[in-house]
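Open the model in your viewer and keep the selection tool at hand.

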Amino acid sequence: KPDLSADALLPLKPLVFQVLLALTDGERHGWSLVRDVQQRGGFERLMPGNFYRTLRAMLAEGLIEQSPQSARAKDDDERRRYFRLTALGERAAAAEARRLEAVLLEARQKRLLPRKG
C-alpha cells in the first residue's frame, strides 16, 4: 500500500516531477505527456520504454491514476490511456516544488545564483 506521506517520496526524480507538473493542468494521454516533458527541456532523448516504466512506477506509488474510459471523447482512440494526478501526486509535486525552492534560496545565499530583486 502506498505511503500517504508526500514528504516520504522526496526528492522526486526529475522525470517524475516533470510528469506531475504536466498533469497539474489536467488529464493527459501517454504520448501527449511524452511530448510535453520533451518540450520542457532536458528530456529530448526520452525513450518511450523508460517513460512508460516511470508511469507504471508512478501508478504503483499512487502518484497518478488512469482516468476512466467513460470520461473520454467518443472520437478519441480507444487504445489511448489517460492519466491524472491523485491527491498524493498533487501533494508530492507541491512538496518537491517547496524543496527545490529552498535549494534555490540556498544557492542564492551562497552566490551560486544571482539574488532576486
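A salt bridge here is a side-chain nitrogen of Lys or Arg within 4 Å of a carboxyl oxygen of Asp or Glu. This is a predicted model, in which local features need pLDDT of at least 70 and side-chain atom pairs count only at pLDDT 80 or more, while totals for chains, interfaces and linings use all residues. Residues are numbered from 1 along each chain as its sequence is written, and side-chain values use heavy atoms, with hydrogens and water left out.

**Stop 1: Asp 36**

By the rule above, there are four salt bridges. Select Asp 36 and Arg 40: their side chains form one of them, at 2.7 Å from N to O. Both residues belong to helix 2 (residues 30–40), where they sit four residues apart, about one turn of the helix. Helices are DSSP runs of H or I with at least four residues, numbered from the N terminus.

Are Asp 36 and Arg 28 buried or exposed? Both are buried, where buried means under 20% relative accessible area, exposed over 50% and partly exposed in between (1.4 Å probe, protein chains only). Asp 36 counts as buried because its relative accessibility is 16%. Arg 40, at 37%, counts as partly exposed.

**Stop 2: Glu 96 and Arg 99**

Move to helix 4 (residues 87–109) and select Glu 96 and Arg 99, which are three residues apart and so separated by about one helical turn. They form a salt bridge, with the closest N and O atoms 2.8 Å apart. Glu 96 is buried, with a relative accessible area of 2%, whereas Arg 99 is partly exposed at 30%.

**Stop 3: the largest pocket**

Select Leu 9, Pro 11, Leu 12, Lys 13, Leu 15, Val 16, Asn 50, Thr 54, Ala 57, Met 58 and Glu 61, which line the largest pocket. A pocket is an open set of points on a 1 Å grid over the protein atoms alone where a 1.4 Å probe fits, with protein on both sides within 12 Å along at least five of seven lines; lining residues have an atom within 4 Å of a point. The volume is about 190 Å³, taken as the space filled by probe spheres set on the points, which are joined across faces, edges and corners.

Colour the helices next. Helix 1 (14–23) and helix 3 (48–61) each supply at least two lining residues, and the largest share, five residues, comes from helix 3.
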